[in-house]
Amino acid sequence: MEWESGVSGGAIYSSLWSSIGDITGSYFIENESGVSAGAILNQNSTIGEIKESYFIENTAGAHGGAIMNWTYSDGAADSTIGDITDSYFIGNTSGSADGAIYNYTDSGADVIISKIGDISGSYFIENKSSGSAGGAIYNVRSIIGSFDDDCNLTDGITGSSFMGNKSATSGGAIYNCGTNDRSSSDNDFGIGNITDSDFENNTAAAEGGAINSVCGNIGNIENSTFGGNTATYGGAIINYYYSAIGDITGSSFIGNTATAEEGGAIHNCTGSTIGATSRTAALRITSPSSIAAPFSTTAP
């Protein structure tokens, strides 16, 4: 499928209380939009699951090289995409934020929100945000993951690989931001558990070679590998401005680099916490995790 849009949604534009079913076994290749969403724009609407599909070399002039899931403040409806399973995002590019998936809720949207289900068995390879954050995924005031019966956010990213993604600023693979209020992470936005996933050779020009979380929340990081990621601060992960990450267990950090020599693997700073029971900016990494580069718990 190859199309071009002068504005947004290079292949599909679904807006305002609209609904699209599952997208299965589909190919979105070299689609282009002048502004946002090289392939699919979902605005205040619903799309079912995305399964066994390919998003290859799509381009957006601004946001969301492949997919933009955007809740507009006056739209009066959530923007929802179901689980993304066994899919490939390769070589997608945005002129501003996010090379592959842009999940965003306007700051004026009080009760509506952008939501994407669990991302599992998927590959994000050499996607690029050319002007801003999130080489592969940009998640702002929004949710990625599924919920248990008690409405707790559980699975977020499972069995997926992020390789060779690049950000012009922060979050070579993932940029996660909960709020513009940099005094607290007391919000309901974020990403669920990251499990059995690989982050390799991702690059951010500023912070968080693989993951940048600011004023946001990420669940536990379990049985995952971070190797060869590079940034100025936080070669693999930077967690700052009162952000919270759960326990890091059974994970490896190998050969990650912070060029400013602050947090070669993990930089945890400015009132942020790692570890489900800690709220004092202390770093908690539990056995049998391994770290093969230094980390920092001080402000940059």
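## A serine and its surroundings

Ser 146 is partly exposed, with a relative accessible area of 23%, where buried means under 20%, exposed over 50% and partly exposed in between, computed with a 1.4 Å probe on protein chains only. This serine is found in the loop between strand E23 (143–144) and strand E24 (155–158); strands (E, at least two residues) and helices (H or I, at least four) are DSSP runs, numbered from the N terminus. Leaving aside neighbours within four places in sequence, Ser 146 is in contact with Asp 118, Asn 152, Leu 153, Thr 154 and Asp 155, contact being heavy atoms within 4.5 Å. Ile 119 lies 27 residues from Ser 146 in sequence, and their C-alpha atoms are 9.4 Å apart in space.

The model is a predicted one, in which local features need pLDDT of at least 70 and side-chain atom pairs count only at pLDDT 80 or more, while totals for chains, interfaces and linings use all residues. Residues are numbered from 1 along each chain as its sequence is written, and side-chain values use heavy atoms, with hydrogens and water left out.

## The chain as a whole

The secondary structure comes to 0 helices and 45 strands. Of the 300 residues in the chain, 54% are buried. Among contacts with a separation of 6 or more, 83% are between residues 24 or more positions apart. The chain exposes about 11000 Å², of which carbon and sulfur atoms supply 47%; accessible areas come from the Shrake-Rupley method with a 1.4 Å probe, and for residues only the protein chains shown count as cover.

## Parallel strands

An open sheet of 9 strands has the order E2-E7-E12-E17-E22-E27-E32-E37-E42, with parallel pairing, two strands being paired if DSSP finds at least two bridges between them. Strand E2 (12–15) and strand E42 (266–268) stand at the edges with a single partner strand each, so one side of each is left without a neighbour in the sheet. From one strand to the next the twist averages 5 degrees, with axes taken as lines fitted to C-alpha atoms and angles running from 0 to 180 degrees between N-to-C directions. Within this order, strand E32 (residues 211–214) and strand E37 (residues 237–240) run parallel and are joined by 4 bridges, and Asn 212 has Ile 238 in E37 as its bridge partner.

## Aromatic rings

The count of aromatic pairs comes to 14; rings of Phe, Tyr and Trp (its six-membered ring) pair if their centres lie within 6.5 Å, and planes under 30 degrees apart count as stacked, over 60 as edge-to-face and the rest as tilted. Tyr 27 and Tyr 54 form a stacked pair, 4.8 Å centre to centre with 5 degrees between the planes. Tyr 27 lies in strand E5 (residues 27–29) and Tyr 54 in strand E10 (residues 54–56), so the pair ties together parts that are 27 residues apart in sequence. Tyr 27 is partly exposed at 44% relative accessible area, and Tyr 54 is partly exposed at 27%.

Phe 199 and Phe 226 are also stacked, at 4.8 Å centre to centre and 0 degrees between the planes. Phe 199 lies in strand E30 (residues 198–200) and Phe 226 in strand E35 (residues 225–227), so this pair too ties together parts that are 27 residues apart in sequence. Both of these phenylalanines are buried, and they belong to a cluster in which ring pairs link Phe 28, Phe 55, Phe 89, Phe 124, Phe 162, Phe 199, Phe 226 and Phe 253.

## Salt bridges

A search of the whole structure finds 2 salt bridges, each defined as a side-chain nitrogen of Lys or Arg within 4 Å of a carboxyl oxygen of Asp or Glu. Lys 51 and Asp 22 meet in one of them at 3.6 Å, N to O. This pair links distant parts of the chain, with Lys 51 in strand E9 (residues 50–51) and Asp 22 in the loop between strand E3 (19–20) and strand E4 (23–24), 29 residues apart. Lys 51 is partly exposed at 26%, as is Asp 22 at 47%.

The side chains of Asp 78 and Lys 115 form a salt bridge at 3.3 Å, N to O. Asp 78 lies in the loop between strand E12 (67–71) and strand E13 (79–81) and Lys 115 in strand E18 (residues 114–116), so the pair ties together parts that are 37 residues apart in sequence. Asp 78 counts as partly exposed at 26% relative accessibility, and Lys 115 does so at 27%.
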